[in-house]
Amino acid sequence: MATIDMRNVRKSYEQHEVIHGVDVRIADGEFIVIVGPSGCGKSTLLRMVAGLEEVTAGEIAIDDRVVNDIEPAHRDIAMVFQNYALYPHMSVFDNMAYGLKIRGTPKDEIRRRVDEAAAMLELGHLLERRPRQLSGGQRQRVAMGRALVRAPKVFLFDEPLSNLDAKLRVQMRLEIQKLHRRLATTSLFVTHDQVEAMTLAQRMIVMNAGRVEQVGTPHEVYQRPATTFVASFIGSPPMNLVEGTLEADGLRFRCTSGDHIDLPQARHDLVGRALVLGIRPEHLLPADDGLVLTVQLVESLGAESFIHTRLGEAGPELIVRAGGLAALRFGELVSYRLPADALHWFDATSGLRIDA
Amino acid sequence: MIERRPVANLVSHFLLVIGVLVMAFPIYYSFVASTRTVAEILTPPLPLWPGAHFVDNYVQAFTGSLHRIGGVNLGTLLFNTTVVALAIAVGKIIISLLSAYAVVFFRFPGRMLFFWMIFITLMLPVEVRIMPTYQVMVDLGLIDTYTGLTLPLMASATATFLFRQFFLTIPDELVEAARIDGAGPLRFFRDVLLPLSKTNIAALFVILFIYGWTQYLWPLLMTNSNDMNTILIALRKMVSFADADTQWHVVMVTTILALLPPVLVVVLMQRWFVKGLVESEK
């Protein structure tokens with residue numbers, strides 16, 4: 001049980017700064033997912049918490065104890081790696097017991113804790129096997145078991161599900177959720193997969209290029225993305241973003257391409273600014289007298305279809321989500337309206353959200 | 001090779017058998033000679049079947065005293081050679097393991113300098129550095145000691161390099177997992193690295209044991225006393241230019257016994273490291 005405090009944490013390799021000051025406070029027992037595209041520094045941040053990377057500047061505190069100069073072994077954390085990192089020459093039992101053995105835990109205590117963790121992860125019958133005799137999913141469980149038996153203050157997960165096939169990934173995701181509900185250990189989970197982030201997180205940290213873009217619950221992040229980056233990163237397909245300005249009446253949005261979008265409600269406060277208008281594909285509603293769009297391409301997934309459309313001749317592309325199978329052809333015209341409460345406004349230069 | 005024709009089969013088997021005979025016959029003949037008396041060996045034609053003096057000759061070799069090698073018996077020679085070969089093999093493996101471990105897993109000033117220093121010694125075999133090494137050994141008073149016989153042969157760039165290449169294939173995450181589990185550097189070395197290097201160690205041991213066993217030039221320089229001779233040196237000393245002065249039957253016994261340990265090591269260890277290869281744990 002522990003809190004994690006990151007205070008203006010920075011990381012540089014030689015002269016090159018890769019993490020530009022991260023400030024996050026994680027509450028006791030929270031499940032936090034750090035999500036971002038590859039190379040955004042999310043793994044580096046996690047490894048700094050683990051103690052595998054040095055912190056260049058700033059402070060990381062676990063349970064109010066600054067751990068910058070403390071060895072990973074003494075931080076009371078456990079980590080699950082993407083490649084599992086099991087010791088290939090040890091049995092499953094020994095893999096799980098190794099950390100306890102080093103700490104001098106009595107033998108019967110080790111046996112009890114490993115058995116307990118093995119039962120929790122349904123590994124009981126595999127304890128004598130070697131890692132190479134296990135399937136990917138089983139190895140993943142052993143890696144989790146190794147973390148569990150230590151009963152640490154913090155669990156760190158470094159993209160633990162990315163090496164599993166789609167079906168197992170869903171299953172393990174559910175199991176991780178169940179485990180967290182049961183143990184309520186503070187957890188930090190790194191992934192590039194937004195589905196994992198949305199489903200697992202109590203709060204998520206969206207990172208991009210070494211900066212935190214937004215910290216919030218999955219709902220907050222989805223419903224009120226703080227920046228254009230978050231808007232385009234979370235959600236599949238991503239939010240439609242159109243650059244342009246408002247005309248003097250505050251009702252007509254003039255795109256940079258010259259096409260215009262009529263708004264349902266005037267926004268006089270935004271007139272004269274360089275703007276980005278955002279709307280999610282699922283929020284565009286069919287209407288007879290709405291925005292006229294030309295169909296470019298339809299992706300039918302069965303339960304839903306994504307209609308790729310274009311505004312005008314060379315205007316912005318907009319993706320529309322429609323329920324069921326859409327029977328539309330290239331070049332057909334469709335009409336959609338933009339509900340007033342579904343519009344997101346961002347400043348075009350800073351990319352930051354503009355709230356009403 | 002893909003075709004299966006009886007004639008081709010016959011020819012290839014014939015050639016193989018000839019090859020085996022060419023390889024094995026000298027060894028067989030040594031064995032035959034080691035069971036006969038000097039007179040029988042020196043009288044043509046060469047006898048092709050083992051004689052009746054097997055026990056006599058071998059007992060004589062172990063207990064008797066040949067004046068040409070200073071009355072040292074075969075037991076002492078075998079013991080010396082075993083000590084030298086084992087010390088070189090084990091010493092080389094330990095030193096190479098540790099230096100490769102340092103070079104691969106630790107960041108310290110001059111790391112690459114040390115690596116290159118080790119690497120450059122590859123270009124300096126024993127024969128090249130024999131004079132200065134000999135001088136150093138004399139100055140240290142190590143002539144006629146096991147230390148003197150083995151120490152200069154222990155540093156090995158080849159083995160260091162081999163272990164370095166192997167260590168580089170160990171994923172960083174494994175090292176990190178061990179760090180989080182709380183394994184210190186020595187613990188990691190003992191619990192993770194050593195077990196994973198088992199097969200490499202076995203293979204190297206075989207090569208290095210034979211390397212140590214067959215050393216000739218260095219032991220020749222380092223030993224003045226007959227008590228410290230290795231079996232190869234003694235073997236050379238036993239043979240005189242004059243047949244009458246050479247105890248050929250004892251020479252042959254010595255030859256056979258000099259052959260045995262390396263063969264045993266290869267046969268026994270080969271099984272072990274083939275098993276290791278089959279059960280590859282990576």
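## Leu188(A) and the cores

Leaving aside neighbours within four places in sequence, Leu188(A) is in contact (C-beta atoms, placed from the backbone, within 7 Å) with Ile4(A), Ile32(A), Ile34(A), Leu46(A), Val49(A), Val154(A), Leu156(A) and Phe157(A). Leu188(A) is also one of the residues with the most contacts inside the largest nonpolar core, together with Ile32(A), Ile34(A) and Leu156(A). That core has 123 residues. At least three residues come from each of domain 1 (4-232) and domain 2 (237-347) of chain A, with domain bounds taken from an automatic or database domain assignment. Another core, of 14 residues, lies apart from it, and includes Leu77(B), Ile231(B), Met252(B) and Val253(B).

A nonpolar core is a set of buried Ala, Val, Leu, Ile, Met, Phe, Trp, Tyr and Cys residues joined through C-beta atoms within 7 Å. A residue is buried if 20 or more other C-beta atoms lie within 10 Å of its own, exposed if 12 or fewer, and partly exposed in between, with C-beta atoms placed from the backbone.

## How to read the model

Residues are numbered from 1 along each chain as its sequence is written, while chains are lettered from A and ligands numbered from 1 in the order in which they are written. Because the model is predicted, local features need pLDDT of at least 70 and side-chain atom pairs count only at pLDDT 80 or more, whereas totals for chains, interfaces and linings use all residues.

## A sheet in chain A

Six strands of chain A form an open sheet with mixed pairing, in the order 6-7-8-3-9-10. Strands (E, at least two residues) and helices (H or I, at least four) are DSSP runs, numbered from the N terminus; two strands pair if DSSP finds at least two bridges between them. At the edges are strand 6 (77-80) and strand 10 (211-216) of chain A, each pairing on one side only. Direction ignored, neighbouring strands of this sheet are turned by 15° against each other on average. Helix 4 (residues 136-149) of chain A packs on the sheet, where it touches strand 6 and strand 7 (154-158), and its direction makes about 180° with that of strand 6. Such angles run from 0 to 180 degrees between N-to-C directions, with axes being lines fitted to C-alpha atoms, for helices over the stretch in contact.

Strand 9 (residues 203-208) and strand 10 of chain A pair in the antiparallel sense over five bridges. Here Met207(A) stands opposite Val212(A).

## A hairpin in chain A

Strand 16 (residues 304-311) and strand 17 (residues 317-323) of chain A pair in the antiparallel sense over seven bridges. Phe306(A) has Arg321(A) in strand 17 as its bridge partner. Five residues lie between the strands of this hairpin, and Gly312(A) takes a positive phi near 70°.

## Chain B and Ser34(B)

Chain B has 13 helices and zero strands. Its radius of gyration, taken over C-alpha atoms, is 24 Å, while a compact globule of 282 residues would have one near 19 Å (the rule is 2.2 Å times the number of residues to the power 0.38). Of its 282 residues, 27% count as buried.

Where is Ser34(B) found? Ser34(B) is in the loop between helix 1 (6-33) and helix 2 (38-42) of chain B. Ser34(B) counts as buried because it has 25 C-beta neighbours inside 10 Å. Not counting residues up to four places away in sequence, Ser34(B) touches Asn57(B), His249(B), Met252(B), Val253(B) and Ile256(B). Ser34(B) and His249(B) are 215 residues apart along the chain, yet their C-alpha atoms are separated by 4.9 Å.

Conventions
Two residues are in contact if their C-beta atoms, placed from the backbone, lie within 7 Å.
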